[in-house]
Amino acid sequence: MKTAAHRGSYGVEGAPYAHPSPSATVERARSAPYLFLVPATILFALFFALPIGYALWLSFHKVKVSGLGLGSGARKEVWAGLENYTAALTDSELLDGALRVLGYGCIVVPVMLGLALLFALMLDSDKVRLSPFTRLAIFLPYAIPGVVAALLWGFLYLPDVSPFYFVLERLGLPQPDLLDGGPLYLALSNIAVWGGTGFNMIVIYTSLQAIPAEVYEAAKLDGATPLQIALRIKIPMVAPSLVLTFFFSIIATLQVFNEPTTLKPLTNSVSTTWSPLMKVYRDAFGTGDIYAAAAQAVIIALATLLLSFGFLRAANRRNKQEAAR
């Protein structure tokens, strides 16, 4: 009769049970992370890498029209080399759009990050009341879709329907047209600042909450005022969060599209090429030149990558210099 020890070494049919070798167990443990990455890798390839590769392929091609362009073989897709890129880099509409976005970013990024830092410092103060409600109220505009926010602000900018213009008219005050000329930059920047300040504030506020309380207690014992604590302790210690929010803000600024596109039907001051992405959209879906649009999109992506990489490298160099001190 078999003992329990002997029974444990046999299978259901009485065959010997093969225990996995240690090497097989180690191999399965090593391959497990890659198996978990398979779904994400497939999604990345289908919805990110493949479209990028297709856009690169289109950017090096063009359509050659033979004769009147009629018939099955009159329009052929041929190799264009760098022709689309040369045309994009010398396109005055694309360059003008880039300059407009640069001016737009010079307003949005400093104001948005300045307000986010100010709100985060105020919420981190011991004297603030109703902190959860205030934090939610500041963050709430970020939850509103950009198109909806731009549409709401657009109607507030229209003199015929805006309650602000009604109040200014009753008070006999000037009524500036925010959808024309220079004020248009302020109108567009206001929409971006209103929607993005809350997100950046949460990032900075979370970093402030991670600072040990002992640091504040030591500063108070040394006689530091709340303003000195904010300027000399809090802001330097949340510098990595400021770098992160500045990085995201640069990317969002270079990709501005929703706000000017939504306001375009409300004013003649916003053209179809006001921003570089609007120019890409018009060429791809308005005029049907997807090859030129692909080249422009690649140039915008490379410019964004270079600016982001340059900023992060400069920030890392500065952090190393400060750490060396």
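User: What makes two strands a pair here?

Analyst: Two strands pair if DSSP finds at least two bridges between them; strands (E, at least two residues) and helices (H or I, at least four) are DSSP runs, numbered from the N terminus. Strand β1 (residues 61–65) and β2 pair in the antiparallel sense over five bridges. Within this pairing, Val 63 stands opposite Glu 77 in β2. The model is predicted: local features need pLDDT of at least 70, side-chain atom pairs count only at pLDDT 80 or more, and totals for chains, interfaces and linings use all residues. Residues are numbered from 1 along each chain as its sequence is written, and side-chain values use heavy atoms, without hydrogens and water.

User: Why is Trp 153 called buried?

Analyst: Buried means under 20% relative accessible area, exposed over 50%, and partly exposed in between (1.4 Å probe, protein chains only). Trp 153 has 19% relative accessibility, so Trp 153 counts as buried. Trp 153 is found in helix α6 (residues 146–157).

User: Why does strand β2 lie largely in the open?

Analyst: Of the five residues of β2 (residues 75–79), the number buried is zero, so the strand lies largely in the open.

User: What makes α9 roughly antiparallel to α10?

Analyst: Helix α9 (residues 213–221) packs against helix α10 (residues 226–237) at an angle of about 160 degrees, with axes 11 Å apart. Therefore α9 is roughly antiparallel to α10. Angles over 145 degrees count as roughly antiparallel, under 35 as roughly parallel, 65 to 115 as roughly perpendicular and the rest as oblique. Axes are lines fitted to C-alpha atoms, for helices over the stretch in contact, and angles run from 0 to 180 degrees between N-to-C directions.
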